[in-house]
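Here is a quick tour of a protein chain for someone meeting it for the first time. Have a look at the structure, then read on.

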Amino acid sequence: MQPIHILLLIAVYFGVLLLISYFTGKNAGNETFFKANRQSPWYVVAFGMIGASLSGVTFISVPGWVETSQFSYMQVVLGYLAGYFVIAYILMPIYYKLNVTSIYQYLEQRFGVVSYKTGAFFFFISRVLGASFRLYLVAIVLQQYIFDAWNVPFEITVILSIILIWIYTFKGGIKTIVWTDTLQTLFMLLAVGLAIYYINQKIGWTFSEFLASEELTTYNKNFFFDNLLAKNHFLKSFFGGMFITICMTGLDQDMMQKNLTCRNLKEAQKNMVSFSLVLIVVNFVFLLLGALLFIYAEQFNIVTPIMDGKAKTDLLFPEIAIKGELGIVLAISFILGLIAAAYSSADSALTSLTTSFCVDFLDIEKKEKENQTRVRKKTHVWMSVLLILVIIVFKHVLTENVISNLLTVATFTYGPLLGLFAFGIFTKYKIHDKYSWIIAVLSVGIIVVIWKIPPEWLGGYQIGYELLPLNGLITFLGLVLIRRK
């Protein structure tokens, strides 16, 4: 597939998104941008959230991770399921009861302004980094297979990507995203299904023969119970996954903003439960695809792509789909799936960053009505610029698989949020609010020190996802120290 064909396909795709944006952005004010007027059907939100939760990281990076981690990611995914139930029946009732625009407004009502700003700050850092990880992944694919052929710099690729997102979200905001996410999820799942079908066909297998093949057994070990010291032990992965979900969805303005567009709490809970069950199946299919990619690459002598002198397993899927001999249908569906996967999370990230900054830091709801829209639009532009800068930096500093980097960063930035919300929900204490930011910063500092401890100092124990709940616990204990009656 030639670069010009890929570019034309992307142009058509964004034309469809702009059409959706036109209809959903009509007469849109801040209430529409931030809350979609609380009129979104729960089943539309649920289907769209599949794509937003998976993103380009799952679409490319999870299959590329199979070679080194096998199917151990399923242990984390099962933890996700437990986390989604905590969100549906503990956190969401609080958000709907308080009728918040930003979920961090809960912290202001519970503790005070400093805790509120501290929570919002840690979300802001978390989402900027998380969105940048996801967009970086799609940008390197576009660079490798389109823009390098025309000697276009990586920086221009990133700028064009962000501009496209800004164009179709600046009017309708979250209302537009609820509907574009539905389309993007459809394209993503279609791409994965077609990839599995065409690769099996090329190898000469049916799907059932692939599942029964000896080659699959090289990659498909799901559960690891034998060594508690290892990073991928089941208990570490399960509870780490549970807390990652609670934090990266339940305590994350990006993901919860979509849920808060449902008509009422009951519909929002239906959305969360149904979406979480489907997500288990979808993630398992992605892991199957990963195993199939490596089996195919081995049989047909396909080398893992090199970028900046390093082998990038994240690029194996696009290498096979675009440059392999599997037909134009797979190439087209992959490009659509890739763009859908990347932008279904990035567009909502941009919108949620705008929402959080406007509501949490600029107090937009307290400004005069005639100025609110102007402030929101200006903030939307500056959030776009910030994402561009961070993604460009990532190109020069990232060395590992992207999903590994993403989950590692989450352990640092979401821990203080976990501690603050847990203390607020499960105790009745007030705190000396002015010290809460110090507790949050110290907690992250302690976690960084623990993370740096060599395994041999701990008798071979490898620290993994358990850092996130530990971070939350340290914050919780710190808040105990500054409590007041």
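## A covered threonine

Thr-245 is buried, with a relative accessible area of 3%. Buried here means under 20% relative accessible area, exposed means over 50%, and partly exposed is in between (1.4 Å probe, protein chains only). You'll find Thr-245 in helix H10, residues 234-250. Helices (H or I, at least four residues) and strands (E, at least two) are DSSP runs, numbered from the N terminus. Setting aside neighbours within four places in sequence, Thr-245 is in contact with Tyr-80, Gly-83, Tyr-84, Ile-87 and Gly-250, where contact means heavy atoms within 4.5 Å.

Before going further, some ground rules: this is a predicted model, in which local features need pLDDT of at least 70 and side-chain atom pairs count only at pLDDT 80 or more, while totals for chains, interfaces and linings use all residues. Residues are numbered from 1 along each chain as its sequence is written, and side-chain values use heavy atoms, with hydrogens and water left out.

## The whole chain

Stepping back, the chain has 19 helices and four strands. Of its 485 residues, 59% count as buried. Take the contacts between residues at least 6 apart in sequence: 85% of them join residues at least 24 apart.

The chain exposes about 19300 Å², and carbon and sulfur atoms supply 65% of that. Accessible areas come from the Shrake-Rupley method with a 1.4 Å probe; for residues, only the protein chains shown count as cover.

How far apart are the end C-alpha atoms of H10? They are 23 Å apart, which agrees with the 24 Å that its 17 residues should span at 1.5 Å a residue. The expected span is 1.5 Å times one less than the number of residues in the helix. H10 is also mostly covered, as 14 of its 17 residues are buried.

Helix H19 (residues 467-481) passes the check too: its 15 residues should span 21 Å at 1.5 Å a residue, and its end C-alpha atoms are 21 Å apart, which agrees. Buried residues in H19 include Leu-467, Leu-468, Pro-469, Asn-471 and Gly-472. Further along H19, Ile-474, Thr-475, Gly-478 and Leu-479 are buried as well.

## Salt bridges

How many salt bridges does a search of the whole structure find? It finds three. The rule asks for a side-chain nitrogen of Lys or Arg within 4 Å of a carboxyl oxygen of Asp or Glu. One of them joins the side chains of Asp-363 and Lys-117 (3.7 Å, N to O). This pair links distant parts of the chain, 246 residues apart: Asp-363 is in the loop between helix H14 (328-361) and helix H15 (369-397), and Lys-117 is in helix H6. Asp-363 is partly exposed at 29% relative accessible area, and Lys-117 is partly exposed at 23%.

Another salt bridge brings together the side chains of Arg-127 and Asp-252 (2.7 Å, N to O). These two also link distant parts of the chain, with Arg-127 in helix H6 and Asp-252 in the loop between H10 and helix H11 (253-259), 125 residues apart. Arg-127 and Asp-252 are both buried. Then there's Glu-267 with Arg-263, whose closest N and O atoms are 3.8 Å apart. Glu-267 counts as buried at 18% relative accessibility, whereas Arg-263 is partly exposed at 43%.

## A loop glycine

Gly-112 sits in the loop between helix H5 (105-110) and helix H6 (113-145). Is Gly-112 buried or exposed? It is buried, with a relative accessible area of 13%. Apart from neighbours within four places in sequence, Gly-112 is in contact with Leu-107 and Asp-433. The C-alpha atoms of Gly-112 and Ser-436 are separated by 9.6 Å, although these residues are 324 apart along the chain.

## A nonpolar patch, and the cysteines

Helix H7 (residues 154-169) gives the most to the patch, with five residues. Ile-167 is found in H7 and is partly exposed, with a relative accessible area of 33%.

As for disulfides (pairs of cysteine sulfur atoms within 2.5 Å), the count comes to zero. Cys-262 counts as buried at 0% relative accessibility, and Cys-358 is buried at 0% too.
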